[in-house]
Amino acid sequence: DEALDLYADVLSKIQTYYVEALNWKEVVQRGADNLEVALGEPVFLARNLPNADAKALTEFRQELRRMLAPRLVQTRAAAREAVGAVADLAQRRLGVLPAPVVLECLCGVTNSLDPYSAFLTPSQLDEVYSQIEGNFVGLGIELKAEGGSLLIVRVVPHSPAQQAGLRGR
């Protein structure tokens, strides 16, 4: 449930702040595609399915596609329910815990939005911050999509945007 709550929370943030509207069916499919990739990764399998059977994995992939193909997914809540069903299927058929399945689905969504978006674990985020080493260049504004255009929500104090006289809503 915690992983599904995180999934729903991230989808809510994407829906609120991402420039383009989401196609919820595609969101679920991207997550399922990412899970299928993970099921072929030795690290994922070693951690989550140490006794993975190739036949069982193939059958699971086929059943997953059959389950998702006709599924109507038109809302964020329906996307959450669909991913919950994917996690339940993986647990029943493969014995994998639901949390890693949901997190793989979440990574599939965030990593496929655009070349600049990704889901980072806390350790990955720490790595990014250590690479930046306090040197971050930007305009100093927080944007929100509204009515087909971008709206400045907030201007960061002492930023180039504030120095140029920009103001948030």
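Buried means under 20% relative accessible area, and this cut-off is applied here to a predicted model.

View 1. The side chain of Thr110 reaches the backbone oxygen of Cys107, with a separation of 3.3 Å. When neighbours within four places in sequence are left aside, the residues in contact with Thr110 are Val10 and Ile14, together with Ser117, Ala118 and Phe119.

**View 2. The crossing of helix 2 and helix 6.** Two packed helices are described by the angle between their axes and by the distance between those axes. For helix 2 (residues 24–38) and helix 6 (residues 98–111), the axes come within 7 Å and cross at roughly 120°, and the crossing of helix 2 past helix 6 is right-handed. From helix 2, the residues that take part are Val27, Arg30, Gly31, Ala32, Asn34, Leu35 and Ala38, and they meet Val101, Glu104, Cys105, Cys107, Gly108 and Val109 of helix 6. Sorted by class, this contact of helix 2 with helix 6 comprises 8 nonpolar, 3 polar and 2 charged residues.

**View 3. His158 in the loop between strand 2 and helix 8.** The loop that holds His158 runs between strand 2 (149–155) and helix 8 (160–163). Most residues other than glycine have a negative phi. In His158, a residue other than glycine, phi is instead positive, with a value near 65°. The relative accessibility of His158 is 70%, so this residue counts as exposed.

Conventions
Residues numbered from 1 in each chain as written. Predicted model: local features only at pLDDT ≥ 70, side-chain atom pairs only at ≥ 80, totals over all residues. Heavy atoms only, no water. Axes fitted to C-alpha atoms, helices over the stretch in contact; angles between N-to-C directions. Helix = DSSP H or I, 4+ residues; strand = E, 2+ residues; numbered from the N terminus. Left-handed = near helix turned anticlockwise from the far one by under 90°. Contact = heavy atoms within 4.5 Å. Nonpolar A, V, L, I, M, F, W, Y, C, P; charged D, E, K, R; others polar. Polar contact = N/O pair within 3.5 Å; in protein donor to acceptor, adjacent residues only side chain to side chain. Buried < 20%, exposed > 50% of the residue type's maximum accessible area, 1.4 Å probe, protein only.
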